[in-house]
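Subject: Structure handover

Hi,

Here is the structure for you to look over. My notes follow below it.

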2 protein chains.
Amino acid sequence: MKNKKISTAVIRRLPRYYRYLGDLLDAGIVRISSQDLSARMGITASQIRQDLNNFGCFGQQGYGYNVEILYDEVKHILGLDKEYKIILIGCGNFGQAIANYPNFSKRGFVFSAIFDNNSEMIGQSLAGLEIMDVEDLEDYLAENSVDIAALAVPDHAAANLGKILVNAGVKGIWNFSNSDLRLPENAIVENVCLSDSLMTLSYKINEDDILKRVVRDVW
Amino acid sequence: MKNKKISTAVIRRLPRYYRYLGDLLDAGIVRISSQDLSARMGITASQIRQDLNNFGCFGQQGYGYNVEILYDEVKHILGLDKEYKIILIGCGNFGQAIANYPNFSKRGFVFSAIFDNNSEMIGQSLAGLEIMDVEDLEDYLAENSVDIAALAVPDHAAANLGKILVNAGVKGIWNFSNSDLRLPENAIVENVCLSDSLMTLSYKINEDDILKRVVRDVW
């Protein structure tokens, strides 16, 4: 039987469940009903039950969820019970911000190498690692296993690097450029496109006016 | 008649349409069929037609889309035919990266003030602006109209600042912290949660194994 695919919307809610369950755990709360979790997260209780049922049955009628068990399950579902080797390519403002972010290593994402093409950066230290020449990336990938590559390079450089990474067997690409990488369909890419995000925000600010115009045009 | 709400998935595709149409325009392409656009974007042609029909009828049977007209329409839908005043709160690595990002002002998002609470940062220059004391934020908001606030502060500081911004009438909050701001339901917030994004990537890397386990457990 083929695995059914989980919808993107559900997947994007999983890290939020993980964060909220972590907070509950830190607060010493042992169990929680889907209604309570619903009120905290601003998601309906039935949505929570549906989301979690995609991965098995974790709740018990009349008891709710055991916080620690559910936390561990969501942690496992998100693959956070393993360690990941990340490399960073691109040490501009964003690259530096990503490399210095303290939360990632706490969650098991550990930077193992950092690359740039700027001769003034190469050899410098960033987040405890010596910045390597991106010319040496393919040699590095041939000799070292890498789980994730954070790609924080200018748009025009992203596509070619994406191909090199996928060909070398890097499992996932965390793409901070503003261009869609054209990669084989099975390549795993997570885009953080800040331009798109800002445009989404300006859409939301204008949504009421836009939709009023549509209604007026149509009726 | 009440405006129908557009689904989040559609909204998140709009900036991508805008980017692809901009590229077509730059390449001098005058018209494009939904099939052609589909092949370039990796979205089905019927999805494209459905998405755009939410905002009116832009294509013509047998002709396709006029690139320039559609580009202008999507630009308008995204609210990109206006200028937005942004303030930045938080000048750490991410704040600096956001302030120095060249694409935003090109799209009409112009930084008008920058704040931090670190006395060593206050008075320094960032992206051509003098960093102000966050203590002066409320005074500034009382005297200046602000469309968008980029919130790049530590998690524990985000919630309170979010309330101040919404109360002062800031239209949209671009939240880079890892906490969900608890704001009135009509507040407009766009979250860029890098931790969530990285967890989503690790989910995708592990998805096949996770779903195999679910199938095994259930059958």
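Two residues count as in contact if their C-beta atoms, placed from the backbone, lie within 7 Å. The interface rests on that cut-off. Of the interface residues of chain B, 100% are also interface residues in chain A, so the copies meet through the same surface. Please keep in mind that this is a predicted model.

**How the chains relate**

A rotation of 180 degrees superposes chain B on chain A, with 0.0 Å of shift along the axis. The RMSD is 0.0 Å. That is the relation of a two-fold axis.

**The interface**

The contact joins 54 residues of chain B to 54 residues of chain A. Several elements of chain B each supply at least two residues to the side that touches chain A.

- helix 1 (8-26), helix 5 (93-99) and helix 6 (102-106)
- strand 8 (172-175) and strand 9 (188-191)
- helix 9 (194-218)

Which element gives the largest share of that side? Helix 9 of chain B does, with 20 residues. By class, the side of chain B that touches chain A has 30 nonpolar, 14 polar and 10 charged residues.

One residue to look at from the other chain is Lys204(A). Lys204(A) sits in helix 9 (residues 194-218) of chain A. Leaving aside its neighbours within four places in sequence, Lys204(A) is in contact with Gly172(B), Ile188(B) and Glu190(B). Is Lys204(A) buried or partly exposed? Lys204(A) is partly exposed, with 18 other C-beta atoms within 10 Å. The cut-off for a buried residue is 20 or more.

**Chain A as a whole**

Chain A has 9 helices and 9 strands. Its C-alpha trace spans about 60 × 55 × 40 Å along the principal axes. Chain A has 219 residues, and 35% of them are buried. Take the contacts in chain A with a separation of 6 or more: residues 24 or more positions apart account for 54% of them.

**Helix 1 against helix 4**

Start with chain A. Helix 1 (residues 8-26) and helix 4 (residues 67-77) of chain A pack at an angle of about 145 degrees. Their axes are 9 Å apart. The crossing of these two helices of chain A is left-handed.

Who meets whom in chain A?

- From helix 1 of chain A: Leu14(A), Tyr17(A), Tyr18(A), Leu21(A), Gly22(A), Leu24(A) and Leu25(A)
- From helix 4 of chain A: Val67(A), Glu68(A), Leu70(A), Tyr71(A), Val74(A), Lys75(A) and Ile77(A)

The residues of this contact in chain A divide into 11 nonpolar, 1 polar and 2 charged.

Now chain B. The axes of helix 1 and helix 4 of chain B come within 9 Å and cross at roughly 145 degrees. The crossing in chain B is left-handed. On the helix 1 side of chain B, the residues in contact include Leu14(B), Tyr17(B) and Leu21(B). On the helix 4 side of chain B, they include Val67(B), Tyr71(B) and Val74(B). The contact in chain B divides into 11 nonpolar, 1 polar and 2 charged residues.

Which residues of helix 4 of chain A are buried? They are Val67(A), Leu70(A), Val74(A) and Ile77(A). Seen down the axis of helix 4 of chain A, the buried residues fall within an arc of 95 degrees, so they line one face of the helix. An α-helix has 3.6 residues a turn, so residues three or four places apart point the same way.

In helix 4 (residues 67-77) of chain B, Val67(B), Leu70(B), Val74(B) and Ile77(B) are buried. The buried residues of helix 4 of chain B fall within an arc of 95 degrees seen down the helix axis, so they line one face.

**Positive phi**

Just after helix 4 of chain A, Gly79(A) takes a positive phi of about 75 degrees.

Ala127(A) is not a glycine, yet its phi is positive, at about 50 degrees. Where does Ala127(A) lie? Ala127(A) is in the loop between strand 5 (125-126) and strand 6 (129-133) of chain A. Ala127(A) is partly exposed, with 18 other C-beta atoms within 10 Å.

In chain B, phi of Ala127(B) is near 50 degrees, a positive value in a residue other than glycine. Ala127(B) lies in the loop between strand 5 (125-126) and strand 6 (129-133) of chain B.

Best wishes

How values were computed:
Residues are numbered from 1 along each chain as its sequence is written. Chains are lettered from A and ligands numbered from 1 in the order in which they are written. This is a predicted model: local features need pLDDT of at least 70, side-chain atom pairs count only at pLDDT 80 or more; totals for chains, interfaces and linings use all residues. A residue is buried if 20 or more other C-beta atoms lie within 10 Å of its own, exposed if 12 or fewer, and partly exposed in between; C-beta atoms are placed from the backbone. Helices (H or I, at least four residues) and strands (E, at least two) are DSSP runs, numbered from the N terminus. The arc is that of the directions from the helix axis to the C-beta atoms. Axes are lines fitted to C-alpha atoms, for helices over the stretch in contact, and angles run from 0 to 180 degrees between N-to-C directions. A crossing is left-handed if the near helix is turned anticlockwise from the far one by less than a right angle, and right-handed if clockwise. Ala, Val, Leu, Ile, Met, Phe, Trp, Tyr, Cys and Pro count as nonpolar, Asp, Glu, Lys and Arg as charged, and the others, Gly among them, as polar. Copies are superposed by least squares on the C-alpha atoms of residues with pLDDT of at least 70 in both.
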